[in-house]
Amino acid sequence: MIDQVFRTPLTRLAGVRHPVVQTGMGWVAGPRLVSAVAEAGGLGILASATMSLDGLAAAVAEVRRRTSAPFGVNLRADAADADARAGLLIREGVKVASFALAPRRDLIDRLKEAGVVVIPTVGARRHAEKVAAWGADAVMVQGGEGGGHTGPLATTLLLPQVVDAVGVPVIAAGGFFDGRGLAAALSYGAAGVAMGTRFLLTADSPVPDAVKAVYLGASETVVTRRVDGTPHRVLRTPLVDALERSGRLAGLARALRNAHRFRGISGMSWPALVRDGRAMRRARRLGWAEVLMAANTPMLLRSAMVDGRPDLGVMAAGQVVALLGDLPTCEELIDRVVADAAAVLRRLSARLDDDGAQSAE
């Protein structure tokens, strides 16, 4: 375990040793990966969107058995049972609640009053300003390079906007995978970095080896709306190409089948799924066709990430996937990122000192 540390607002807020976050990836960020990240000194985020409430309780308990270090849980702000899930986090003393969408103001207040650190993910400055004004403890900013649901603005443009606009710690996501990225993010004023694809490709990730091999051999990602109607960055595969060519009716039929499969796996009743759909429709201002298509995401991801069938599923991936070629443990990865960032900053400082001395002569 590395001795080098960076003390930042993120490490102080979350109680972790290193300003490195593992994002909440559905079907990937389970107890095994989250606890490995936590033990290595980073902030592991448990992905709960694909879990029932009972499943989340069991996952939190398993992380607790594996580690005593702080960790977080990613919640869907538009889930019909978001309040019940928040209550679970409060009862179990989970350190961090992260959100893919802006949570309600009263939900932020409830979590904060219980001592839970609230970190929404945003893709635009105005969203960061809104949740910061509502009391969020920090914001995670994801640029368009990131995998999964993503926006159009590059991290290098979005990050400085948000850092300058809000008075809370900012975590940079989208395009990060090594120590140079951490050093750059800190230089921009960020309190740390978050990585998804890089942690997916570790020895501690539960993704099947055959699927990891596909990732390691990949050189291209694509942003498609054919998975669930919103921009989604994934590996370019024959299945994705087929989705791009498919018609609207075929997409809706596929989504209905996937909703039925997800109901069986999650244990949710049809009324519960309908309640979730209504909540999603209100929160995201979607039509019913788009709500139905959202059922594609968990099941198409599951086919690859759990079942090991990349030919039948989609694989969310950031653009950094083309630069990755190994499967370190989480401890090896975090140690390497932190050590390399420190070395980069030392070299930069020495170079600036030398240039300054030469200019003074």
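Predicted model: local features only at pLDDT ≥ 70, side-chain atom pairs only at ≥ 80, totals over all residues.
**Exercise 1. Work out how the axes of α3 and α4 are arranged, and which residues make the contact.**

Step 1: start with the axes. Those of α3 and α4 come within 10 Å and cross at roughly 25°. Axes here are lines fitted to C-alpha atoms, for helices over the stretch in contact, with angles running from 0 to 180 degrees between N-to-C directions. Helices (H or I, at least four residues) and strands (E, at least two) are DSSP runs, numbered from the N terminus.

Step 2: classify the angle. Under 35 degrees counts as roughly parallel, over 145 as roughly antiparallel, 65 to 115 as roughly perpendicular, and the rest as oblique. So α3 is roughly parallel to α4.

Step 3: get the handedness. A crossing is left-handed if the near helix is turned anticlockwise from the far one by less than a right angle, and right-handed if clockwise. The way α3 passes α4 is right-handed.

Step 4: list the partners. On the α3 side you'll find Leu53, Leu56, Ala57, Val60 and Arg64, and they meet Ala84, Arg85, Leu88, Leu89 and Glu92 in α4. Contact means heavy atoms within 4.5 Å. Sorted by class, that contact has 7 nonpolar, no polar and 3 charged residues. For the classes, Ala, Val, Leu, Ile, Met, Phe, Trp, Tyr, Cys and Pro count as nonpolar, Asp, Glu, Lys and Arg as charged, and the others, Gly among them, as polar.

Residues are numbered from 1 along each chain as its sequence is written, and side-chain values use heavy atoms, with hydrogens and water left out.

**Exercise 2. Find which residues of α4 are buried and what covers them.**

Step 1: pick out the buried ones. In α4 (residues 82-92) they are Ala82, Arg85, Ala86, Gly87, Leu88 and Leu89. Buried means under 20% relative accessible area, exposed over 50%, and partly exposed in between (1.4 Å probe, protein chains only).

Step 2: look at the cover. It includes α3 (53-66), β3 (72-75), β4 (96-99) and α5 (105-113).

Step 3: Leaving out residues up to four places away in sequence, isoleucine 90 touches Arg110, Leu111, Ala114 and Val116. Its C-alpha atom and that of glutamate 113, 23 residues apart along the chain, are separated by 9.6 Å.

Step 4: step past the helix end. Just after α4, glycine 93 takes a positive phi of about 70°.

**Exercise 3. Describe the pairing of α6 and α7, then follow valine 162 into the core.**

Step 1: the axes of α6 (residues 125-133) and α7 (residues 155-165) come within 9 Å and cross at roughly 30°. The two helices are therefore roughly parallel to each other, and the crossing is right-handed.

Step 2: in the contact, Arg125, Ala128 and Glu129 of α6 meet Leu158, Gln161, Val162 and Ala165 of α7. These residues divide into 4 nonpolar, 1 polar and 2 charged.

Step 3: Val162 is among the residues with the most contacts inside the largest nonpolar core, which has 63 residues. A nonpolar core is a set of buried Ala, Val, Leu, Ile, Met, Phe, Trp, Tyr and Cys residues joined through side-chain atoms within 4.5 Å. Helix α16 (residues 330-360) gives this core its largest share, 7 residues.

Step 4: a second, separate core of 25 residues includes Val34, Ala47, Leu89 and Leu107.

**Exercise 4. Find what valine 211 touches.**

Step 1: valine 211 is in α10 (residues 209-216) and is buried, with a relative accessible area of 0%.

Step 2: not counting residues up to four places away in sequence, valine 211 touches Ala304, Gly308, Pro310 and Met315.
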